[in-house]
Amino acid sequence: MTSVSANGDLAISVRGLTRRFGDRTAVSDVSFDVLRGEVFAFLGPNGSGKSTTIRMLCGILEPSAGTGTVLGYDIARQPEQIKQRIGYMSQRFSLYEDLTVRENLEFYAGIYEVPRADLAARIDELVAMAGLNGRERQIAGQLSGGWKQRLALGCAIVHRPPLLFLDEPTAGVDPVSRRDFWTMIHGLAASGVTVFATTHYLDEAEHAARVAMIHDGVLTALATPAEFKSGFLRGHLFGVTSAAPLRALDVLRGLPGLVDVSLYGDALHVLVSSGGAADIEAALTVAGIEDGHAVPIAPSLEDVFISLMRRHQDPAEQPR
Amino acid sequence: MSWARLAAIIRKELIQVRRDRLTLALVVGIPVVELLMFGYALNAVTDHIATVVYDESGTASSREFARAFENSTYFSLVRWVSSRDEAMRAIDSGEAKVALVIPPDFGDRTIAGRLTSAQLIVDGSDPSVAQTALFSGGLVAQAQSGVVTLETLARAGAGAPRGGIELRPVVLYNPRMVSVMFMVPGLIGIILQMQAVLLTALAVVRERERGTLEQLIVSPVRPAELMLGKVLPNVVLCLVSTGLTLLVARVLFGIVPRGSLLDLYVLTLPFLFGSLGIGLAISVVARNQAQALQMTMFTLLPSILLSGFLYAREGMPAIFQAIGLFIPMTYYLQVLRGVIVKGVGLEVLWPQFAALSLFAVLVMTVSLVRFRKTIE
């Protein structure tokens, strides 16, 4: 097991990971490392290859090409060892809705062979963590979305896995529950658990230490959220307000040095490679829009995401 | 194979069975309802066929002849009609299945000791009714001829004739020839197959529908553990349900197995495992519970039609008889009728045991291989 000693501080390490389904390439030549104890987000729209990647990492789907280790075990050759040591929670929460809270936890404890001596204490601990005290005998199907989500998390970590996979974990859950959920995830990470989460929510990826963006099966970027915001835009971002945003949009499309302009609510986000706020306001004044007001703003992940996607799509139109 | 994981799955299955009304209905409701329905409504022996009589003769002997039909219990005289057209209308409308037409000279000719004829008009739309009517009508007429002949001879001053042939039949096993003795043992098999196939198919498909199968696939659970964990609780459920069916058959129809219950259960096991294997095979293919239900019914049809459950296999075209040899129900029916009605046991039914076991091993192996593929 030389890989373990060589990659002792890596929870996940993949190189050239590729998966084809017939003619379609779902994941293409993906390489990245996840450090132990890190919260790592895999960000991409639906159908971008997130789930295929996670299934290969969990050892339930063989890669067509490339190699990878999870907790030091080879994803193609040692899936059983991997399965015993990871936790997995899907967006469907995969609870038995006709079992009670406690019965669900007991079932997964049995599946992961949690020692009998440890069982009762572990279940109490998870019930407390999920805030489900007093609801142990409630049927899981009657819980609200947020409760179900926390119970599903409890079931996924009943065997204290060092690595936790979350596949779209907060889909369809209210904002307060989402925040509570991420607080629990950060608590797990602080205790040394590595978390690998896929999401298509940009704000959710900001919870991660590092974010990998995937689009059409290709890894387009990998950085911290802060790096994304500062370094991945080619140019400077300004927020522009005006009483006539649609007219302003038309005017700014002709602005010299423009990279991108788009409408966010009743404001415009303008990305330029040169020039500053004064140039934007001057251009608006010339076109007869007197109340135009431009200020430099910090980009959200969404700005970066859209910018990266446009950059990725353009070369994609040419033959590869 | 981990016993802890297998035990966890079995425990979970049993809790789910206890909470699921559909499953409970399958296990408890079906035996009672099916037995009532098939046992009472599906009466294989046809009698009391509705009959109208058009008696143009209107004599004592013609009335006696008509009464002989009624007394045979195969026919029920519902009405005396006054024209041939009226008789035909009664058959057209479904009021009667049979019309007995007695010609005007019937009385005179019988008294004169000459050959007489009457007409039996039969509705052929239900062949089994028509066949019974033709056959028993013939018997009634023959018997009545005998009576008439004796009377004629007596009037002529001759003594009763001697000689002739008398047939003394002995009917074994079911001397009163009640059809429940034929239907109910077969029903036990039909009910068992339906339950075993459906319970197993549903138990897996439900997990697929709800996304919990995905969770299990990512867990260390092995396909064989999952399969056994699904099948074993159903073995218990189905055996209990078979016991219940036997009990209901006893209470409702007074049917008590003549043979040994132990033999019956031993002979039932390979059939049960074969059916559970079919259920697993369905669960590999079916995407949702409705599909699983449809496929279960589809597998049930040949078992009902070709096994000899409803119609004797001897009457089927050779090709269907051959197909029947590949249906486990064909053998299990022989087991059920053998043990329950005839009172024989393993010493006679071991070839059926072997055939059922072979089928069970085959279908279970194929299912496990296919199951493993979909899980992995």
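The structure is a predicted model, in which local features need pLDDT of at least 70 and side-chain atom pairs count only at pLDDT 80 or more, whereas totals for chains, interfaces and linings use all residues; side-chain values use heavy atoms, with hydrogens and water left out. Residues are numbered from 1 along each chain as its sequence is written, and chains are lettered from A and ligands numbered from 1 in the order in which they are written.

The contact between the chains draws on 25 residues from chain A and 26 residues from chain B, a contact being defined by heavy atoms within 4.5 Å. Of the area that chain A buries against chain B, 23% is supplied by A:Tyr88, A:Tyr96 and A:Ile111, which is more than any other three residues. A:Ile111 is also one of the residues touched by B:Ser219, which, leaving aside its neighbours within four places in sequence, is in contact with A:Lys83, A:Ile111 and A:Tyr112. B:Ser219 is found in the loop between α8 (212-218) and α9 (223-253) of chain B, helices (H or I, at least four residues) and strands (E, at least two) being DSSP runs numbered from the N terminus. B:Ser219 counts as buried because its relative accessibility is 0%, on a scale in which buried means under 20% relative accessible area, exposed over 50% and partly exposed in between (1.4 Å probe, protein chains only).

Each chain was also considered by domain, with bounds that come from an automatic or database domain assignment. Chain A is assigned domain 1 (2-224) and domain 2 (234-298), and the centres of these two domains, taken over C-alpha atoms, are separated by 41 Å. In chain B, domain 1 is made up of two segments (8-42 + 178-375), while domain 2 covers residues 49-155; here the corresponding centres, again over C-alpha atoms, lie 48 Å apart.

Confidence in chain A is described by pLDDT, the predictor's confidence in each residue, from 0 to 100. The mean pLDDT of chain A is 86, and 93% of its residues reach 70 or more. Over residues 1-6 of chain A, however, the pLDDT is below 50, and this stretch has five contacts in the model beyond near neighbours in sequence. Residues 315-320 of chain A likewise have a pLDDT below 50, and counted in that way they have zero contacts.

Aromatic rings were examined next, with rings of Phe, Tyr and Trp (its six-membered ring) taken to pair if their centres lie within 6.5 Å, and with planes under 30 degrees apart counted as stacked, over 60 as edge-to-face and the rest as tilted. The count comes to 14 aromatic pairs over all chains. In one of them, A:Phe32 and A:Phe40 are stacked, at 5.3 Å centre to centre and with 15° between the planes, and both A:Phe32 and A:Phe40 are buried. A:Phe32 also forms a tilted pair with A:Phe42, at 5.4 Å centre to centre and with 45° between the planes. This second pair links distant parts of the chain, with A:Phe32 in strand β2 (residues 24-35) and A:Phe42 in strand β3 (residues 39-43) of chain A, ten residues apart. A:Phe32, A:Phe40, A:Phe42, A:Phe165 and A:Phe196 form one aromatic cluster.

Charged groups also sit over rings, which requires NZ of Lys or CZ of Arg to be within 6 Å of the ring centre and within 35 degrees of the ring normal. The charged end of A:Arg135 is placed over the ring of A:Trp147, 4.4 Å from its centre, and B:Arg337 lies over the face of B:Phe182, at 4.0 Å from the ring centre.

Most residues other than glycine have a negative phi. A:Arg160, although not a glycine, has a positive phi of about 50°, and it lies in the loop between α6 (145-156) and β7 (163-167) of chain A. A:Arg160 counts as partly exposed because its relative accessibility is 46%.

Methods:
Buried area = accessible area lost by both parts, 1.4 Å probe.
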